[in-house]
Amino acid sequence: MASLLLTVIGDDRPGLVSAVSALVEARGGSWQRSQLTRLAGKFAGIALVEVPDTQRTGLEEALAALAAEGLSVRVEDAGPADAQHADGPATFILHLVGQDHPGIVAEISSALAARGVGIEELLTDVVDAPMGGGTLFEARATLRMPPGTDAEVRADLERLADELMVDLELDPAHISR
């Protein structure tokens, strides 16, 4: 079986997931994981699918034909599944809330990268502040930290939270995938 990552983007309309998933299923494939969303009138996301090796080329051609309908699908090899073992990276959940201003994601992601922390998932939003007007920036992230670095990462993030004037929580996660 070929494990493929599909990156999908196009103008939002009903039936986009159906169009892609039907092509995977028609070639004996299986939809494994995905994160898909509507944002600013566009539909975008990424999906991990498996398809028999003999059907890969046919699937790629069928997905490319969706461009005529305004849906761009890029196909890449997914590579081997992440090996999970006891001495591997630890998973943490980051939650951040504060007054919205430019640079929050850049500052936080830079601090994480400097410590070798990977961002597995990042969800952000800007919402109206419940009291006092203005807008709040909120972020939730799933992080993968190298073993033994959580104290240093936590200290870096707490220092940065003070500078950015945001509330930040970092908690161990128990995620099974």
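**Figure 1. Strands supplying the lining of the second largest pocket.** Strands β2 (30-39), β3 (42-51) and β6 each contribute at least two residues to the lining of the second largest pocket; strands are DSSP runs of E with at least two residues, helices are runs of H or I with at least four, and both are numbered from the N terminus. The model is predicted, so that local features need pLDDT of at least 70 and side-chain atom pairs count only at pLDDT 80 or more, whereas totals for chains, interfaces and linings use all residues. Residues are numbered from 1 along each chain as its sequence is written, and side-chain values use heavy atoms, with hydrogens and water left out. The lining consists of Q35, L36, T37, L39, A44, G45, I46, E121, L122, L123 and T124. A pocket is an open set of points on a 1 Å grid over the protein atoms alone where a 1.4 Å probe fits, with protein on both sides within 12 Å along at least five of seven lines, and lining residues have an atom within 4 Å of a point. The space in this second largest pocket amounts to about 270 Å³, a volume being the space filled by probe spheres set on grid points joined across faces, edges and corners. By class, six lining residues are nonpolar, four are polar and one is charged (Ala, Val, Leu, Ile, Met, Phe, Trp, Tyr, Cys and Pro count as nonpolar, Asp, Glu, Lys and Arg as charged, and the others, Gly among them, as polar).

**Figure 2. The salt-bridge network of R56, E60 and D77.** Shared partners join R56, E60 and D77 into one network of salt bridges, each bridge being a side-chain nitrogen of Lys or Arg within 4 Å of a carboxyl oxygen of Asp or Glu. Between R56 and E60, the closest N and O atoms are 3.0 Å apart. These two residues stand four positions apart in helix α2 (residues 56-65), which means that about one helical turn separates them. R56 is partly exposed at 22% relative accessibility, and E60 is likewise partly exposed, at 27% (buried means under 20% relative accessible area, exposed over 50%, and partly exposed in between, with a 1.4 Å probe and protein chains only). R56 also meets D77 in a salt bridge with an N to O distance of 2.4 Å. This second pair links distant parts of the chain, with D77 in strand β4 (residues 71-77) and R56 in helix α2, 21 residues apart. D77 counts as exposed, at 52% relative accessibility.

**Figure 3. The salt bridge between R144 and E120.** The closest N and O atoms of this pair lie 3.1 Å apart. Because R144 belongs to strand β7 (residues 135-145) and E120 to strand β6 (residues 118-128), the bridge ties together parts that are 24 residues apart in sequence. R144 is buried, its relative accessible area being 17%, whereas E120 is partly exposed at 36%. In the whole structure, the search finds nine salt bridges.

**Figure 4. The nonpolar surface patch of V105, I119 and L122.** Together these three residues have about 230 Å² of accessible area, computed by the Shrake-Rupley method with a 1.4 Å probe, where only the protein chains shown count as cover for residues. Patch members have over 30% relative accessible area and no salt bridge; nonpolar side chains (Val, Leu, Ile, Met, Phe, Trp, Tyr) are joined within 5 Å, and like charges within 9 Å. I119 is found in strand β6 and is partly exposed, with a relative accessible area of 39%.
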